[in-house]
Amino acid sequence: MVKVELEIETARRDVHSGNFAVPNPAWRLTGLLASMAAPDGVPLIEGFEEDVVGPTPAERRMLAEVPFDRRALEKDLGVRLLDDYLERIMFHPTLTIRGLQSGFVGAEANTIIPHKATVALDIRMVKNQRWTKVYARLVEHLRAQGLTVLQADDPLPDELRGRAVRIVDKCGYDAAKTSLDLPISRAIIAAVERAYGGQHAVLLPTLGGTVPMSAFTDLLGLPALLVPYANQNNRQHSPNEHLHLGHLFQGIRTTARLLTEVGAAGAR
């Protein structure tokens with residue numbers, strides 16, 4: 001993932017919207033964001049999908065076997081999903097606005113032109129992409145929109161107000177991937193299925209979790225797999241995020257089986 005926070009500042013302070021006419025940073029920022037992605041969220045940043053490799057035939061078969069009910073999810077969320085939904089979230093990078101801030105709303109609403117607008121973005125990458133390169137493509141896009149790019153501690157000259165974007169914060173790490181055809185992968189899959197009484201394991205070629213597994217796969221050259229135990233409707237990072245106790249206890253039993261079966265085999 002790449003995490004970036006951008007800020008545009010115009011006047012030195014908020015001003016009354018009826019008695020002043022100054023550039024509005026919220027309009028500047030929303031225009032900039034519209035240049036980054038289409039209305040359906042597909043990224044438009046030049047070179048954004050460089051180095052992306054699509055699913056292999058084996059991975060396409062894996063996707064076809066995922067018990068995914070798109071219509072049920074659409075009904076739950078109240079939105080239409082793409083026909084290639086699974087491939088989109090697993091094999092293409094995403095660009096998400098995860099927070100916007102400018103001025104005041106609700107009980108604090110005020111008739112002002114705000115002097116600052118901020119957006120928090122996250123980019124979820126896929127295997128073969130490097131976060132420093134993807135970040136560089138984002139910066140190139142900002143400059144291509146005619147903006148001067150400032151770093152967190154750079155001063156803002158008055159002549160650049162409304163014509164500069166400040167990168168308040170940035171960080172990231174590379175995507176990781178381990179083949180499910182490896183002997184260790186097959187051993188883990190078999191152990192999980194035995195722990196669940198022979199039920200067929202749901203195999204995902206990749207997923208969008210914020211876990212720095214590239215430290216194992218790329219730096220140490222070791223396979224790394226995730227075995228999630230949460231219930232499908234656990235509302236991750238939302239109100240009422242939860243874990244069913246049955247999943248928790250079964251996860252404990254499954255982890256114990258993995259450690260005793262796979263770990264013991266590895267020790268031999």
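Val211 lies in the loop between α6 (183-195) and α7 (214-219); helices (H or I, at least four residues) and strands (E, at least two) are DSSP runs, numbered from the N terminus. Val211 is partly exposed, at a relative accessible area of 38%. Here buried means under 20%, exposed over 50%, and partly exposed in between (1.4 Å probe, protein chains only). Val211 belongs to a nonpolar surface patch with Val202, Leu204, Leu207 and Leu226.

The model is predicted: local features need pLDDT of at least 70, side-chain atom pairs count only at pLDDT 80 or more, and totals for chains, interfaces and linings use all residues. Residues are numbered from 1 along each chain as its sequence is written, and side-chain values use heavy atoms, with hydrogens and water left out. The pLDDT, the predictor's confidence in each residue from 0 to 100, averages 93 in the protein. A score of at least 70 is reached by 98% of the residues. Confidence is lowest in helix α8 (residues 245-267), with a mean of 86. Strand β6 (residues 148-150) has the highest, at 98.

The protein has eight helices and seven strands. Its C-alpha trace spans about 75 × 40 × 35 Å along the principal axes. Of the 268 residues, 34% are buried.

Arg143 sits in helix α5 (residues 131-144). Arg143 is partly exposed, with a relative accessible area of 49%. Arg143 and Asp69 are 74 residues apart in sequence. In space, their C-alpha atoms are 42 Å apart.

Methods:
Patch = residues over 30% accessible without salt bridge, like charges linked within 9 Å, V, L, I, M, F, W, Y side chains within 5 Å. Areas by Shrake-Rupley, 256 points an atom, 1.4 Å probe, with all protein chains shown as cover. Salt bridge = Lys/Arg side-chain N within 4 Å of Asp/Glu carboxyl O.
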